[in-house]
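Welcome! Here is a short tour for someone meeting this structure for the first time. Take a look, and then read on.

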Amino acid sequence: RGEINKADFEVMRSQMPQLIYIDLKDVICEGDKIPDKAFGNLSGTANKKIRKIILPHSITRIGTEAFALCTGLTGTLTLPEGLTTIGRWAFDSCSGFNGTLTLPDGLTYIGTAAFTCCSGFTGSLTLPEGLTTIGGTAFSSCWGFTGSLNIPDGLTYIGSAAFQSCSGFTSLNLPEGLTSIQGFLFNGCSGFTGTLNLPDGLTSIGEAAFASCSGFTGTLNLPDGLTTIGATAFRYCSGFSELVMGNNITTIGESAFFNCSNFSGHVIFPISLISIRNKGFLGCNKVDTFHFPH
């Protein structure tokens, strides 16, 4: 109870090596923040004995590397309602969790690699409606999640590889306001099934954004606003049965549709098309015809 600061956290981390259970729910932290490297440290000096921590109800921020490499943490992770910001690498490689991850409604920012390699989380992941930013590799290799992945409408930025190798999700819902899909965003998310609905306002798809998402089926409809498809964007997406091009695509990157082996029927390229890079459609052997503009 009472007030604690960065120095107090340093004592707990470095001078109390046998600490396994911490209840901080009634504590007031300096600046309403769990400080950087409170218990974690990517350099290898993290406290790995801690099994359970109850976070202060009053905090609004979790600092950089606060629990990075705290591999002893187990069970569920419930973040307090007032939390708005999760810093970079905050829970990086906390692979001991074996329950759900509950994100509060007021959360607006998830930093780079915040939960990367937290492979023990189970159940669905609900992203709060107020969330505006997900940093690169934020949930990369968190392969225990199941169910649908719903990206909220207010989200304006999703970093590269944010959900790479999260293979447990079964469906994906993208917000209508999304304009750009970063490289490697859903690379290796092989559990997705059904159709992929891309928002009308989408203008670019980055490198390997959906590579190896082999579970998608049905027609891949590319919206009219889309202009650029990055290299290997849909590589090994072998479940799609048909491809419908948007009217304003200019560039199809190298190996963009490599081994999309179940495409069939006619692929009609728009008049706007400028280039198809090497191996763009290599292995698409069931396509009847490719129609090029005059």
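Two strands pair if DSSP finds at least two bridges between them. Helices (H or I, at least four residues) and strands (E, at least two) are DSSP runs, numbered from the N terminus.

## About the model

This is a predicted model, in which local features need pLDDT of at least 70 and side-chain atom pairs count only at pLDDT 80 or more, while totals for chains, interfaces and linings use all residues. Residues are numbered from 1 along each chain as its sequence is written, and side-chain values use heavy atoms, with hydrogens and water left out.

## The whole chain

Along the principal axes, its C-alpha atoms fill a box of roughly 75 × 30 × 25 Å. Of its 294 residues, 49% count as buried (under 20% relative accessible area, with a 1.4 Å probe and protein chains only; exposed means over 50%, partly exposed in between).

## A five-stranded sheet

Five strands form an open sheet with parallel pairing, in the order β16-β17-β19-β21-β23. At its edges stand β16 (180-181) and β23 (275-276); each has a single partner strand, so one side of each is left without a neighbour in the sheet.

Within this sheet, β17 (residues 204-205) and β19 (residues 228-229) are parallel partners over two bridges. Here Ser204 sits opposite Thr228 of β19.

## A closer look at Asp153

Where is Asp153 found? Its place is the loop between β13 (147-150) and β14 (157-158). Asp153 counts as exposed because its relative accessibility is 55%.
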